[in-house]
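Student: I would like to learn how to read a model of this kind, one feature at a time. Could we look at it together?

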Amino acid sequence: MKSLEKKKAVWGFIFVLPAILFFIIFNFYPMSYAFWFSFFKKNLISLRPPKFVGFQNYIYLFQSDSFWNSVKATGIFALGTFVPIVIFSLLFAVLISSRKRFQKFLQLAYYSPAVLSSVVAATIWFLMFQPYGLANQFLNFIFNTNNIDYKWLSNEKMLILATIIVYFWKYVGYYTIIFIAGIASIPKSVHEAAIIDGANKWQDFWYITLPLLKPTTLLVSVMSMIQTLRTFSTQYFFVQSGAPIKPIEVITLNIYNTAIRDMRIGRASAMSIILLLIIMFFTFIQFKISKSDEISY
Amino acid sequence: MKKFLLILMLVFFTFLVYAAQIELVFWTHEDPNRTPLEEKYIQEFEKMYPNVKITRVTYPSKKISEVILTAFAASKGPDIFNMEIQNEYPYIVNGRVAPIDLEALDLKSFEELKKEYVEGALDPVTYDGEIYGLPLELTNWAVFVNKKYFREVGLDPDKDYPKTWEEMMEVSEKLVIRDGEILKRRGFDFRYPYYLTFFLPMVEQLGGKLISDDKKTAIVNDDAWLKVLKYMKEWGPNGKNLGSPTYTNARKLFNKDNNTVTMCLSGLYQIDRIRADNPEFYESGEWMIIPFPVFEDAVNDVRCNYYGHYYMVNAQSSKEKQYWAWKFISFMLSHPEDYLLNVGLVQPKISLINSEVFKNYPYADVFIKDMEKSHSVPLLINGPQFNQLIREAVESVMLTDTTPEEALKILKEKANELLKEEW
């Protein structure tokens with residue numbers, strides 16, 4: 001019996017070996033290298049060997065206004081994006097799941113922006129946020145105003161909102177699909193039992209669907225939180241196209257600028273390690289919460 | 001046996017041919033008028049030297065510095081490349097580019113090379129007694145004007161064109177067309193984000209400097225910097241809304257002659273781009289070029305900074321490749337009149353500047369007169385970072401609630417920190 005288990009374990013290991021190797025080469029090695037480099041001072045184009053500076057890069061970052069501005073910009077963006085994403089993707093999922101016709105079409109329609117390249121999405125939206133673009137026309141129509149420029153790209157708050165809208169539009173469909181899968185995994189018998197007991201549709205949703213979707217909701221909220229912490233493309237494109245950097249200089253953009261523009265690869269590595277720790281913190285929470293909320297039927 | 005020997009010899013000779021083949025990779029920025037010209041030179045060069053194969057790859061102007069930096073960081077840089085000199089300078093200082101191979105150019109000394117160029121043209125690429133690049137172009141910007149729109153608002157383009165920055169704002173206000181708050185036509189707009197090129201001279205006109213003469217202080221003369229920052233704030237969407245870094249490039253719209261832009265900043269090469277993009281507008285004679293304006297109370301008559309694009313060779317390429325790379329660059333650049341007539345690029349060669357072709361080139365005199373009053377963009381090891389800091393300051397006053405005083409304070413702190421940083 002034991003030898004059979006041993007055999008199974010060996011084969012299991014053989015099957016996961018490619019994935020482990022892939023992870024070591026393309027994830028673990030760069031991460032370790034970045035960690036190692038974060039203790040050095042190195043100009044990206046210099047041929048001189050890197051200079052060991054200990055924790056100096058980390059100390060510099062924690063004393064840097066620019067870094068804390070990036071933490072703030074990332075926090076505002078993450079909070080401003082993941083809350084509406086969780087709420088609306090859940091609503092869209094319930095709406096789609098409750099429909100008898102066009103379910104597949106709606107899933108496809110909601111999901112399609114997620115397939116689009118981030119730069120293409122940012123380009124499309126950047127044009128829409130221009131003074132003569134659709135965003136101003138829409139607001140002028142809603143508020144019944146005459147050609148007011150709502151300054152989507154030249155007002156700090158509107159600029160942050162603009163980046164949130166782009167991200168929300170691109171990824172809400174992706175999380176909707178996850179919720180749809182979660183809703184589909186709830187056995188029909190549970191709903192039927194509730195309806196036999198006299199529950200209406202609202203009560204069925206509130207007392208049956210929502211509690212049973214808790215693990216999916218947690219998964220979506222933590223996943224979207226982690227993804228929003230890693231946001232880059234929209235902010236990068238907007239800044240490249242002339243938008244002011246300070247309100248939307250998220251940590252990833254700061255890492256990029258520090259490495260590529262300022263050529264300070266050690267400092268950029270230290271920043272990426274701090275971002276990794278923040279992400280790991282949220283992942284840890286995800287594991288903790290999802291374990292305590294496992295549901296079995 | 002005979003067959004076997006024949007195959008063996010064939011394999012051996014094929015190996016020899018491939019071993020002798022020199023493959024050069026050449027990265028440059030996109031320029032639709034330059035591409036056919038340089039592709040032609042590549043073909044001619046490959047015909048002259050069949051052992052050399054050259055692959056030319058283009059990247060957008062805004063992206064090329066990042067692409068090259070990433071490639072060099074990974075020691076995978078191209079054999080030949082060019083960027084604006086302020087971006088190339090750190091490569092010289094850090095030993096990433098090879099000095100010119102005089103043998104490839106059939107020259108005996110660098111002095112002999114210098115004699116071919118106008119005085120000072122090779123100074124930006126001269127370091128520790130050696131020369132590291134050959135100029136593709138030396139460019140300054142002047143103001144392109146659409147005369148039709150001037151007349152439309154009752155202005156005479158030949159008399160009423162803006163000579164000062166104050167007049168530029170005044171004239172632009174007359175030229176703009178608005179639909180409610182939405183700007184439909186701009187009078188003039190700047191060439192964002194090249195702040196070391198156009199913004200710094202505006203500061204210098206008022207007596208300001210980027211770096212003090214003793215090189216110990218950055219951002220000299222607060223009043224000058226403040227005045228220009230205030231000007232930009234007034235120019236931007238939160239001021240008089242005459243232009244913005246977020247609006248479409250003025251020089252791209254200018255060529256279309258579609259009632260969206262009246263004036264823009266650009267180099268001599270823009271003329272050929274107008275011809276390529278909109279031949280009807282080019283032939284109409286409805287455009288002209290005027291000098292870079294100065295402030296009314298300017299203390300220095302400084303015009304738009306000039307910059308150069310220099311062809312350089314990767315120091316990590318083999319010596320043989322370096323030789324052929326310089327030979328090819330020299331071959332390409334031995335056609336300065338073609339570059340002027342087809343692309344509008346001015347190589348600072350004495351033979352070209354003195355030629356009738358150059359003297360008769362439309363508006364060349366405007367650019368040359370401005371260039372006489374201007375100087376090169378500052379060459380600093382961390383030049384791109386200084387440009388970025390100025391960009392942050394200007395764009396924060398134009399596009400956010402930041403006051404010019406706050407922006408200047410941040411700029412001074414960061415610029416001085418950058419200046420003191422050692423590498």
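Student: In which strand is the place of B:Tyr307?

Tutor: Some conventions come before the answer: this is a predicted model, in which local features need pLDDT of at least 70 and side-chain atom pairs count only at pLDDT 80 or more, whereas totals for chains, interfaces and linings use all residues. Residues are numbered from 1 along each chain as its sequence is written, while chains are lettered from A and ligands numbered from 1 in the order in which they are written. Helices (H or I, at least four residues) and strands (E, at least two) are DSSP runs, numbered from the N terminus. B:Tyr307 lies in strand S14 of chain B, which covers residues 307-313.

Student: Is B:Tyr307 buried or exposed?

Tutor: A residue is called buried if 20 or more other C-beta atoms lie within 10 Å of its own, exposed if 12 or fewer, and partly exposed in between, with the C-beta atoms placed from the backbone. B:Tyr307 has 24 other C-beta atoms within 10 Å, and therefore it is buried.

Student: Which residues does B:Tyr307 touch, not counting residues up to four places away in sequence?

Tutor: Two residues are in contact if their C-beta atoms, placed from the backbone, lie within 7 Å. By that test B:Tyr307 touches B:Glu84, B:Ile85, B:Gln86, B:Thr139, B:Thr197, B:Ser376 and B:Val377, with residues up to four places away in sequence left out. B:Glu84 is 223 residues from B:Tyr307 in sequence, yet the two are 6.6 Å apart in space, C-alpha to C-alpha.

Student: How should I read the pairing of strand S1 of chain B with strand S2 of chain B?

Tutor: Two strands pair if DSSP finds at least two bridges between them. S1(B) and S2(B), residues 52-59, run parallel and are joined by eight bridges; B:Glu23, for example, has B:Lys53 in S2(B) as its bridge partner. On the way from S1(B) to S2(B) the chain passes through helix H2 (residues 34-48) of chain B, and this β-α-β crossover is right-handed, meaning that, with the strands pointing away from the viewer, the path from the first strand over the helix to the second runs clockwise. S1(B) also pairs in the parallel sense with strand S3 (residues 80-84) of chain B, over two bridges, where B:Phe26 has B:Ile80 as its partner.

Student: Why is S1(B) described as largely enclosed?

Tutor: Six of the eight residues of S1(B), residues 22-29, are buried, so the strand is largely enclosed by the rest of the structure. In strand S12 (residues 261-266) of chain B, six of its six residues are buried.

Student: Into which domains is chain B divided?

Tutor: Domain bounds come from an automatic or database domain assignment, and here they give domain 1 (12-139 + 307-368) and domain 2 (142-305 + 382-420) of chain B. Their centres, taken over C-alpha atoms, are separated by 30 Å, and the contact takes 17 residues from domain 1 and 17 residues from domain 2 of chain B.

Student: Which residues touch the most other members of the largest nonpolar core?

Tutor: A nonpolar core is a set of buried Ala, Val, Leu, Ile, Met, Phe, Trp, Tyr and Cys residues joined through C-beta atoms within 7 Å. The largest one has 168 residues, and B:Leu24, B:Val228, B:Leu229, B:Ala393 and B:Val394 touch the most other members. Its largest share, eleven residues, comes from helix H3 (residues 65-98) of chain A. Both domain 1 and domain 2 of chain B give residues to this core, so it lies between them.

Student: How many residues does each chain give to the contact between chain B and chain A?

Tutor: Chain B gives 32 residues and chain A gives 26 residues. On the side of chain B that touches chain A, H19(B) gives the most, with seven residues. That side divides into 13 nonpolar, eleven polar and eight charged residues, where Ala, Val, Leu, Ile, Met, Phe, Trp, Tyr, Cys and Pro count as nonpolar, Asp, Glu, Lys and Arg as charged, and the others, Gly among them, as polar.
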